[in-house]
Amino acid sequence: MAKNKITSEEALAFHLEPAPGKFEIQATVPMTTQRDLSLAYSPGVAVPCQAIAENPETAYDYTNKGNLVAVITNGTAVLGLGNLGALGSKPVMEGKAVLFKRFADVNSIDIELDTEDPDEFCRAVRLMGPTFGGINLEDIKAPECFIIEQRLKEEMDIPVFHDDQHGTAVICAAGLINALHLSGKKIEEVRIVLNGAGAAGIACLELLKAMGARHENCIMCDTKGVIYQGRTEGMNQWKSAHAVKTEMRTLDDAMNGADVFLGVSAKGAVTQDMVASMADNPVIFAMANPDPEITPEEAHEVRVDAIVATGRSDYPNQVNNVLGFPYLFRGALDIHARAINDEMKIACAHALAALAREDVPDEVALAYGKSLAFGRDYIIPTPFDPRLIHRIPVAVARAGMDTGAARRPIIDMDAYEVSLKARMDPTASILRGLNARARAAQARMIFAEGDDPRVLRAAVTYQRSGLGKALVVGRSDDVKAKLEQAGLGDAVREIEVVNAANTAHLDTYKAFLFDRLQRKGFDRQDIHRLAARDRHVFASLMLAHGHGDGLVTGATRKSAHVLDRINQVFDADAAHGAAGITALLHKGRIVLIADTLVHEWPDDEDLANIAERAADVARHMGLEPRVAFVSFSTFGYPVSERAEKMHQAPRVLERRGVSFEYEGEMTVDVALNEQAQAQYPFCRLSGPANILVVPARHSASISVKLMQEMGGATVIGPILTGVDRPIQICSTVATANDILNMAVLASCEIG
């Protein structure tokens, strides 16, 4: 599998643009009029203040406390980088905060405390307690992390959770439940060897013991060997709690006959001989990052019966904390929990394990480009499984209520599950799925405008992200110079630069083009100019001859001009059924608008064709199509001949017997607003439309640009559909990221 290469320049640019850092704060209430200000601040704010002072529980009703988690560190153990200090850890903590939001809609603020004194640290966090619904401790070195977490748990009445310890433990436990299920073993009977007696390792063993693993069957090792009763070198109270009475002294000794290996140590700590000495159907969780204690390939060379998990995304069975902490906190916050206890962690592990044993939804299999089914290579759900948000918090919340950790128990768990489904932004999972599909496709992508720095940055990112091979149309010296100016000088050796001067196929291209255009007023000189000097035509010819798998263009010329050039090589016009579909992503909704590119003034048959094309695009993106033909009238009123074709188009679809929902004509508010839709009980749509078919290209353009400029919508497209090969035309104002998105769409053959 292609590895994802990230350069220092790209990483810094990502954190610098469009604004420094990774998140901002937005108001959830109107703040426009004097009345708004009077309610939000003085004098109106005094009322909830008094209510909270009289009854502290109402803070969860009148403030954001109930959905706010602090990510707190002192930067003493940052990732694998060591003690970078409080300020040096801030990018990681910001990253953790946005993961909370992305995966579980939990608001989060990062706080970096400039002290290595546990007493000072605990005092600072405790004093901030009233602000937050929960505390996520992160990247604090052992043994201080044990002291800090234990004290804060005792002193605070909100959940305190050190993710480096318990997050890893929960996902490890989930994987082990399924690994033992597959190997026909019981946790009470297996012999477990842990290598790495730090925060994560100790937490893993403690949780497994809480789940039934027997103390005498668990051997903990560190750099000095087995932690046995009577050992004095390199010991502390947390290691001593797991010391066992044994004659074993080395990891080699411990691995002999072991059923389970858990590694949170270092690359290469486990040898093939050690694996060979393990019991039948050994379970190996080599979780060292970035490189595991032993790779799955090395383990399987000597033990084909081994079940192997790592911490890496490019191997099966990734032990990834993002499967745990967002959903643990989501469930805990929703019951206003006093703590996240062992029972809640175990419930999380069992829910994750159960999810992996179920059929995998089609959109997940589609996103990963392969079928996923419970077995030795799939014992842990993928982080982008859409069921996680409405399955895991429910289990956590239920365990919290059963054990008395809930201040406010949830009465209707079915309604709670529905509310969790509604919380998540579907656009993020759609985009992630497209990227995963593109990575599986490994398409050779032609970037037609190699003289534009945005296009070059997109091409480099496409290749370095492991999406496929980037073919850039341009002059080598010009591409090299522009890459150097962009701080990407080393990328010139990675991408392939192609043009008419260095291709062996020019004569073939010209013969093809002459055969196609000779009866349209083009002579051989015209053909040479088009093929050899027009990059849009040249790139299209590359694609037509299979010298690339997809094409992205349009960043430097108006879309009408680019489409005209593409039509010299392909049948990409209205007569041949082509259409342009633009996706608008805004506030957790995705709406497709059509036609934004090809049809100037479509009739009712054209509109029906456009609807069918848009429905195909929607399904490729993982959406169930609901088409609305929109106008200024709704179901025939007010009467206007301008709206007549919108009235007739649904009847055309009815005659064709299409398999998706459609309705019209209707105004946009009826199409998108369930309350407005409810005024028309005969409406055939089962919910708000996600495809708007508009009367003409000018209204499509106005709608998209208005949403982009005034509404702040993210625009993807127009997506060119109905053409033989994947071609995507971006806009002249596209950013490098927009161009990359279009390349991803072309790679997935959406169109």
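## Terms and model

A residue is called buried under 20% relative accessible area, exposed over 50%, and partly exposed in between, using a 1.4 Å probe and protein chains only. This is a predicted model, in which local features need pLDDT of at least 70 and side-chain atom pairs count only at pLDDT 80 or more, while totals for chains, interfaces and linings use all residues. Residues are numbered from 1 along each chain as its sequence is written, and side-chain values use heavy atoms, with hydrogens and water left out.

L37 sits in helix α2, residues 34–40 (helices are DSSP runs of H or I with at least four residues, strands are runs of E with at least two, and both are numbered from the N terminus). L37 counts as partly exposed because its relative accessibility is 38%.

Together with V29 and M31, L37 makes a nonpolar surface patch of about 260 Å². Patch residues have over 30% relative accessible area and no salt bridge, with nonpolar side chains (Val, Leu, Ile, Met, Phe, Trp, Tyr) joined within 5 Å and like charges within 9 Å. A salt bridge here is a side-chain nitrogen of Lys or Arg within 4 Å of a carboxyl oxygen of Asp or Glu. Areas come from the Shrake-Rupley method with a 1.4 Å probe, and for residues only the protein chains shown count as cover.

Now to a covered strand. In β8 (residues 260–263), V260 and L262 on one side and F261 and G263 on the other are all buried.

β8 runs parallel to β5 (residues 192–195), joined by four bridges, and I192 stands opposite V260. Four bridges also link β8 with β9 (residues 283–286), again in the parallel sense; here L262 stands opposite F285. Strands pair if DSSP finds at least two bridges between them.

## Spaces inside

On a 1 Å grid over the protein atoms alone, a cavity is a set of points where a 1.4 Å probe fits but cannot get out; a pocket is an open set with protein on both sides within 12 Å along at least five of seven lines, and lining residues have an atom within 4 Å of a point. Points are joined across faces, edges and corners, and a volume is the space filled by probe spheres set on them. The whole structure has one cavity of 30 Å³ or more. Its lining is L431, L434, N435, I716, N741, V744 and L745, with α20 (426–441) and α32 (736–747) each supplying at least two residues.

The second largest pocket holds about 450 Å³. Of its 23 lining residues, I593, V668, L672, L692 and S703 are the closest to the centre. The largest share of that lining, five residues, comes from α31.
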